[in-house]
Number of protein chains: 2
Amino acid sequence: MATDDAAETLAGVGEFAVIDRLVADRDQPSAVALGPGDDAAVLYTPDGKTVVSTDMLVAHRHFRLDWSTPHDIGRKAIAQNAADIEAMGARATAFVVAFGAPADTPAAQALELADGMWHEAKLCGAGIAGGDLVSAPQWVISVTALGDLDGRRPVTRAGAQVGDIVAVVGTLGRSMAGYALWHNDIDGFNELRRRHLVPKPPYGQGRAAADAGATAMTDVSDGLLADLGHIAAASGVVIDVSTDTLGGDRDAVDAAAAAVGVDPWEWVLGGGEDHALVAAFAAAPPEGWRVIGRVLEGAPQVLVDGAQWRGDTGWQSFD
Amino acid sequence: MATDDAAETLAGVGEFAVIDRLVADRDQPSAVALGPGDDAAVLYTPDGKTVVSTDMLVAHRHFRLDWSTPHDIGRKAIAQNAADIEAMGARATAFVVAFGAPADTPAAQALELADGMWHEAKLCGAGIAGGDLVSAPQWVISVTALGDLDGRRPVTRAGAQVGDIVAVVGTLGRSMAGYALWHNDIDGFNELRRRHLVPKPPYGQGRAAADAGATAMTDVSDGLLADLGHIAAASGVVIDVSTDTLGGDRDAVDAAAAAVGVDPWEWVLGGGEDHALVAAFAAAPPEGWRVIGRVLEGAPQVLVDGAQWRGDTGWQSFD
């Protein structure tokens, strides 16, 4: 895929010619009224509202080119933004992408990145409607996701009520386990290592939760306790998580945690980037969701089995 | 503004606390149904369509912190994206912003950047509806602009017809002149130097052009001839520009060009980033627009006074 031929670098091919290659032969979904190639794209928004979220990924900080292929990085960049749209109870319709890279980057790597983005976007039924390509000292990728609520009310973090149950869909701790395995150069555990590079958000479940009356929802990007903390703070409630209900997640990372020499609960409760969805419900959650706790009255905080958790509670950008 | 107190850096204050400061006390426009603080923002799109465009700005490549204040950089980042929305005949309603910076960046600089973004967004009647803040080796800013057509058809680059006149609103060559003055360390010419740091797109004129029946439009971001080249290619026409009509722009940069030792036409015809709007019209353009050329039949190209221009025709990202 990579090439040493300078003519096949971003600089050699040239910005506009690379963009031509990136956008050629892509099937835009019906939500895209006008795709790449003009000053701006135009999307249909029949609901009368648009959901929008943006994330930036920086090389070495959010991904490593010696761990991930460009295709993996493209998938992850789309997945983490799509998960934010899901977490509002909406459906991703389109993404716009800005990509910065050194001038000597092989054009084929940019194409592979775009292929990965398209692969993941299609899993959501969405497309890449536009973008920007610039020169930067290292890879930096910025994705903005746009979504449609199809008439639903957005599910914010602020609506959890005392007495609600708390439920999750998707996996917990796998991405953090994979990160630790990569970081400590431990082979095996291929599924966990893979999940760190390409998360699997439970596409469609955000809408299912909204339809089931979810009162508050978020995706697990910073870590279960940190993200539940956002719901607790926004809703003004206590959330109590029961570890009894999370045995499946602990079991899935237990052997890897032993190999790395850490407490598996650090990953299940503190590890982010799996992009599971966690929500509060007044009634039963949709099929496939696991009840993991309940909403209590009190000063906003998250408890684990009724007590404060003393481990690491999640990612912050400038740690 | 800057501080040596480590506690007042992005790392010292912490991601979430910095974000709290960035979003506090901002008046969101009525288009923003749900602003920052959740997984995604929600915007009203009464037109049933959303216009969307994205740009990335990288330190040293697109701005310099020794030339621009953070406030200037924030204004420019918003202005260049707002111009893309204008160029479709739409009105910017909201922006989402991703900002990457080193951990030791003073939090006050991030606030000043946000203040500049808000200042410029308000000039368009828009707000900053959401964002992301991450650690990066140098400043990198990614802005996505969203806009509403208010029932108009989008004005693409593809509709110019043989016999149309071509007109421009806004200034040409000033930003490139300013860049050359900064780059060559030439004092004076304060207005030109200022225009390089903070462009002045002609907000509202894109909608005026659409209402006047513009057949094709773009903003001058790469350079007049390069951007007219995009219209010529997309529309399948020849565009002939008359330098007689551009004397005002040449006069405005003439003394600076002499000081730098270049042909002022290089800046007027080749310099981008003023974010003027250029459009084709079957009838008269709106008040304030200057007729600068006409649309002819033939293999797509841009002519200057009926002949090929031999100077530099514009910016590419990996030059």
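This is a predicted model: local features need pLDDT of at least 70, side-chain atom pairs count only at pLDDT 80 or more; totals for chains, interfaces and linings use all residues.

Visitor: What makes strand β2 of chain A and strand β3 of chain B a pair?

Guide: The rule asks for at least two bridges between two strands. Strand β2 (residues 41–44) of chain A and strand β3 (residues 49–58) of chain B are joined by four bridges and run antiparallel, so they count as paired.

Visitor: Why is the link between B:R157 and A:D39 called a salt bridge?

Guide: The cut-off is 4 Å from a side-chain nitrogen of Lys or Arg to a carboxyl oxygen of Asp or Glu. For the side chains of B:R157 and A:D39 the N to O distance is 3.0 Å, so the pair qualifies.

Visitor: And why does A:D38 with B:R157 count as a salt bridge?

Guide: The closest N and O atoms of A:D38 and B:R157 are 3.8 Å apart, and the limit is 4 Å, so that pair is in too. This one crosses between chains: A:D38 sits in the loop between β1 and β2 of chain A, and B:R157 in the loop between β6 (140–148) and β7 (165–169) of chain B.

Visitor: How many salt bridges does the rule find across the interface of chain A and chain B?

Guide: Four across that interface, while the count over all chains comes to 38. On the side of chain A that touches chain B, strand β3 (residues 49–58) of chain A gives the largest share, nine residues. The residues on that side divide into 37 nonpolar, 19 polar and eleven charged.

Visitor: What area is buried between chain A and chain B?

Guide: About 4,900 Å², with carbon and sulfur atoms giving 62% of it. The contact takes 67 residues from chain A and 67 residues from chain B.

Visitor: Where does UniProt place the feature "binding site"?

Guide: The unreviewed UniProt entry puts it at A:D39, A:D84 and A:D219. They are spread in space, up to 32.4 Å between C-alpha atoms. A:D39 lies in the loop between β1 (32–34) and β2 of chain A.

Key: Residues are numbered from 1 along each chain as its sequence is written. Chains are lettered from A and ligands numbered from 1 in the order in which they are written. Side-chain values use heavy atoms; hydrogens and water are left out. Contact means heavy atoms within 4.5 Å. Buried area is the accessible area (1.4 Å probe) that two parts lose on being put together, summed over both. Helices (H or I, at least four residues) and strands (E, at least two) are DSSP runs, numbered from the N terminus. Ala, Val, Leu, Ile, Met, Phe, Trp, Tyr, Cys and Pro count as nonpolar, Asp, Glu, Lys and Arg as charged, and the others, Gly among them, as polar. UniProt positions are given in the numbering used here, feature names are shortened, and annotations may be inferred rather than shown by experiment.
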